[in-house]
Amino acid sequence: MRPQIIDRSRDQAFMRLALALAAEGAALGEVPVGAVLVHDGEVIGQGFNRPILDSDPSAHAEMVAIRAAAQAASNYRLPGSTLYVTLEPCSMCAGLIVHARVARVVYGASEPKAGVVQSQGQFFAQGFLNHRVMVEGGVLAEDCGRVLSEFFKARRGKG
């Protein structure tokens with residue numbers, strides 16, 4: 001596999017797209033997390049959290065984006081792709097990322113309770129995995145964290 005060249009401005013641009021998707025989800029009452037899957041500079045899948053809308057506990061933003069990309073590619077493997085997500089992935093999504101053979105994950109805000117990329121362990125570094133994922137955390141972290149904080153602050157204000 002050829003090494004990927006990291007382009008910080010490109011990472012930020014795709015993270016801004018993920019943030020826009022998170023805002024769409026928030027407007028529909030979902031926890032504002034957005035995800036964009038990119039291959040060769042092109043968006044091949046995107047989504048936001050929708051477990052409430054879809055009555056599906058697996059409908060996290062990462063799951064929605066990867067499912068869309070796999071359907072579009074007619075392939076359950078997405079080698080060479082990069083997933084941009086506004087929040088550090090959970091264990092379910094981390095497993096999906098490995099199974100889909102996503103090459104790189106770029107996330108914004110850390111998730112201290114359920115994030116398994118750095119916060120609650122380093123899932124992608126586990127020796128038993130048959131696929132290695134490159135990780136970049138903290139891209140537009142303040143913006144990503146603010147969207148979540150404002151959502152939950154507003155939710156608490158209602159109840």
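Leaving aside neighbours within four places in sequence, Glu62 is in contact (heavy atoms within 4.5 Å) with Ala35, Leu83, Val85, Leu87, Pro89, Cys93 and Leu96. This is a predicted model, in which local features need pLDDT of at least 70 and side-chain atom pairs count only at pLDDT 80 or more, while totals for chains, interfaces and linings use all residues. Residues are numbered from 1 along each chain as its sequence is written, and side-chain values use heavy atoms, with hydrogens and water left out.

Glu62 is found in helix α3, where helices are DSSP runs of H or I with at least four residues and strands are E runs with at least two, numbered from the N terminus. The unreviewed UniProt entry places the feature "active site" at Glu62, although such annotations may be inferred rather than shown by experiment.

Asn49, for its part, has its place in the loop between β2 (42–48) and α2 (51–54), and a polar atom of its side chain lies 2.8 Å from the backbone nitrogen of Ala61. Buried means under 20% relative accessible area, exposed over 50% and partly exposed in between, with a 1.4 Å probe and protein chains only.

| Residue | Relative accessibility | Class |
|---|---|---|
| Glu62 | 4% | buried |
| Asn49 | 10% | buried |

Notes:
A polar contact is a pair of N or O atoms within 3.5 Å; within protein, one must be able to donate a hydrogen and the other to accept it, and residues adjacent in sequence count only if both atoms are side-chain atoms.
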